[in-house]
Amino acid sequence: MSATETQAATLLSVQNLSVVYEPTGGEPVHAVSGATFDLGRGDFVGLVGESGSGKSTLGFALTGLSKPPARIGGGSILFNGVDIAGMSHEDLRVQRQGGFAMVLQSGMNALNPVRSIRNHFFDIFAAHGHVGRGDREARAIELVGKVELPAGVLDRFSGELSGGMRQRVSIALALSLEPQLMIFDEPTTALDVLVQHAVMNTIRELQKSEGFTAVLISHDLGMVLEVTERVMVMHNGLIVEDRPAADVLVSPQHPYTRMLLSHYGDPRAEIVEVPGLAARGAKRAPAVSHLKTDFVPVSDEARARAAGTEGVQRREGRAAREAIVVSGVSKVYPPPRRGEKPVRAVNDVSFTLEPGASMALVGASGSGKSTIAKMITGVEHPTSGTITFGDLQVDRIKRRSLKRLHTEVQMVFQDPYSALNPLHTVEYTLTRPIVNFGGLRGRDARRRMLELLETVGLTPVEQFAARLPHQLSGGQRQRVVIARALASDPQVIIADEPVSMLDVSLRAGVLALLDSLRETWGVSMLYITHDLLSARLVTDQIMVLNQGAVVEEGATASVLQNPRDEYTIRLLDAIPHPTVGH
Amino acid sequence: MRFVFTKLGLLLLTLWAAVTLNFLLPRLMPGSPADAALAKLAQNGPVSPATRAAVEAQLGVPTGSMFDQYLQYLGNVATFDFGVSYTFFPQPVAGLVAAALPWTLVLVGLVTIIAFIFGTLLGVLAAWKRGTWLDTLPTVGGTFASAFPYFWTALLLLFFLGYVAGWFPTSGAYGRGTTPEFSVEFLLDAIYHAILPATTILITSLGGWILGMRSTMINTLGDDYVTFAEANGLRPRTVAIRYAARNAILPNLTSFGLALGGVVGGSLLVERVFAYPGVGYLLYTAVTNQDFPLMQALFLIITISVLLANFIVDILYGILDPRTRR
């Protein structure tokens, strides 16, 4: 694209490429249209967009992996001057060695569970014959060494490896093709924060040392800006921005890019706010955004609600009045296999969730935060220690009292796509808890159901009540999940990573909703997350968990601004941040 | 290796439980075989105590405590002593079963295995060439053929190929003039007699295997490791067999185990229709004649065959799926 690039320096040249989805019996959809760009040798380019923007579809097209119902509708992909868009399957297959490779989004499942890692390498060597029989073992060891894995990993099966190790193996496998172009499709999305950071570093170093051209596809603009030199932003199948990373950060051209950027913030900063969510403690002014975001109507709506201008009021006398007191709680699980040590998931944790307070429980996966949530909701019983809620002894709760506990303590789950029964309408889903916990029937139950929908901002309510989950977007589903949690008029809401599955632009809206519930309804909230930015936005207190134990606690702002524990500092450093640069 | 021993231990435990239940169940039932025999005699007039003693002596009324009987029973089972058949008096039950078992194992067992292998291969092909005639033909054909009731297919074949055309014999496992021996003529004769029943089993069971394998294979074809294998430029055949089919077969092994376990017990219908001298036919005879010793032995054989089939499938899983080996 740039004038300084000579023809020989261009590895990939995409001209007017379009990809069409042609589902049987459905209207064809243009997932990608008019994509035009060049990639120079050794470039590291980011491709950013939210779900449905067509970024993965483009990535699959570039590596010749478009499968029905997707089809390349037009345009050309010149790889080293040869058009691969219309190439036969076998010609493409041969091209892959020394050509283009791809590392998949869910690298967790990219390995054949019944084939050893060694055989994965040997299959590739055999398919292309580029490594002689005698050299294969040595080459495989060399390749896993490049992704910082020991040679012993070759004897393992994918089920015996951690998520990070599997993704490293996938990268090594892709490298074994000796590709000139590597496409990474969300390579770290499914991984834990700290692991994510480490894998990303490996990718960066490999790109430098091996000198391949790399495309990093991600929903996370912050990470892409930190890692790559050039950024392409996709929106509704169009590349809306294609400029050097530094320029994108300083002067984003397209409103969509500006909107994406506006949702980043540094949890360590003095004042943290994103559109739709004002800084905590600051006076809620109607216009809080420092960046104009006419792009997300949803956050305007959420902001309005946060100010308490609409939505139903809580029924009388039901504001949170009882604290959850957790004292000296430990949970030990029996060893996963015989001969191993028992697993200490939670180790001597104590805290009090005051009525109406909002507290964050932060930690990487395996830190015990979800186990704590399970114990508070009575799903699991602690091995030692006590949990009380009002006069309820939660740690020894019996089936009979569970219903009372669940009337007062409700969960919002992480994955809105699996938290709703796909066969039931929103009305049915919401009416069940209203009938079970609230004891309302018939017309009253229906009125309450519609009120709840209004509270979570799903208007017009009558229309949303009749819908099935698949007719809702991710953000709308999560609002239904929140409405369901509110149905019993609880005092406490436990939100387990409520926005981690949602697109950036939808997160602020859902977070604002949770925050406003606390303000207008007086619900206490335990907010479980690995995302420190959102913790900073919606909570006043924070507890950092590492391997089951609390390593740091205090007021959210001061803990994040002046972290004392090394683990908290590592968590903060692992957050990709566009302003850090590279 | 520990995996095999664990499974073997489990097999022996269930075997012991099955044998014990087989001992207990008849004793928990009211009455005795002697009562049943006497009741029949009583229809013709009063039965004298002497007759009763004679019948009881003939049938062998158990003596000693329950535990002694149990030990004796275990000993008998271990030495394959299942008593004397009522129907084929005075032939020992063990001999009858031993004569019938090979016919069933070879005919039904072999055909079940062949149907599984053949159906699985067709299912792989159908999924891999989805939408082509290689998919449509086996899928539609298999559904059509397996939709017929088993005995109806058997009767159709018997009537047209056996009776009308006269190409195949309509009953028995070998010709009337021959006796079982290891000679080429006898083997050919036995195969000739097995063709119709074997075809029936094949026709009715093939469709299920094709459809089962096809649907699991289509699922694995959408899995990430298949896409990744393609992205790495593996040969299509490697992707189809070692990546997709290799994983797709795992859930079908369970149904294979069930089918294999059902071979001995489930052969009743086919052997009845074709008058084939296997275990199923024997069971039919035993039940219609209230031949208790024979029935009890056959039930035990059926149980053991189910357990053995499950054991074999467990071991197969261990070989094919590294995740189960732990």
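Across the interface of chain A and chain B, 10 residue pairs are found in polar contact, both residues being at pLDDT 80 or more; a polar contact is a pair of N or O atoms within 3.5 Å, where within protein one must be able to donate a hydrogen and the other to accept it, and residues adjacent in sequence count only if both atoms are side-chain atoms. The model is predicted, so that local features need pLDDT of at least 70 and side-chain atom pairs count only at pLDDT 80 or more, while totals for chains, interfaces and linings use all residues. Residues are numbered from 1 along each chain as its sequence is written, chains are lettered from A in the order in which they are written, and side-chain values use heavy atoms, with hydrogens and water left out.

On the side of chain A that touches chain B, the elements giving two or more residues are α2 (89–96), β6 (100–103), α3 (117–128) and α5 (163–175) of chain A; helices (H or I, at least four residues) and strands (E, at least two) are DSSP runs numbered from the N terminus. The largest share of this side, six residues, is supplied by α3(A). By class, the side comprises 17 nonpolar, eight polar and nine charged residues, where Ala, Val, Leu, Ile, Met, Phe, Trp, Tyr, Cys and Pro count as nonpolar, Asp, Glu, Lys and Arg as charged, and the others, Gly among them, as polar.

The contact (heavy atoms within 4.5 Å) takes 34 residues from chain A and 24 residues from chain B. About 2400 Å² is buried between the two chains, 57% of it on carbon and sulfur atoms; buried area is the accessible area (1.4 Å probe) that two parts lose on being put together, summed over both. Two salt bridges are found across this interface, a salt bridge being a side-chain nitrogen of Lys or Arg within 4 Å of a carboxyl oxygen of Asp or Glu. One salt bridge links Arg242(B) with Asp123(A), whose closest N and O atoms are 3.6 Å apart.

Within chain A, the domain assignment, automatic or from a database, gives domain 1 (10–110 + 160–260) and domain 2 (324–573). The C-alpha centres of domain 1 and domain 2 of chain A lie 35 Å apart. Eight residues of domain 1 are in contact with 11 residues of domain 2 in chain A, and the two domains bury about 870 Å² between them. Zero salt bridges are counted between domain 1 and domain 2 of chain A.
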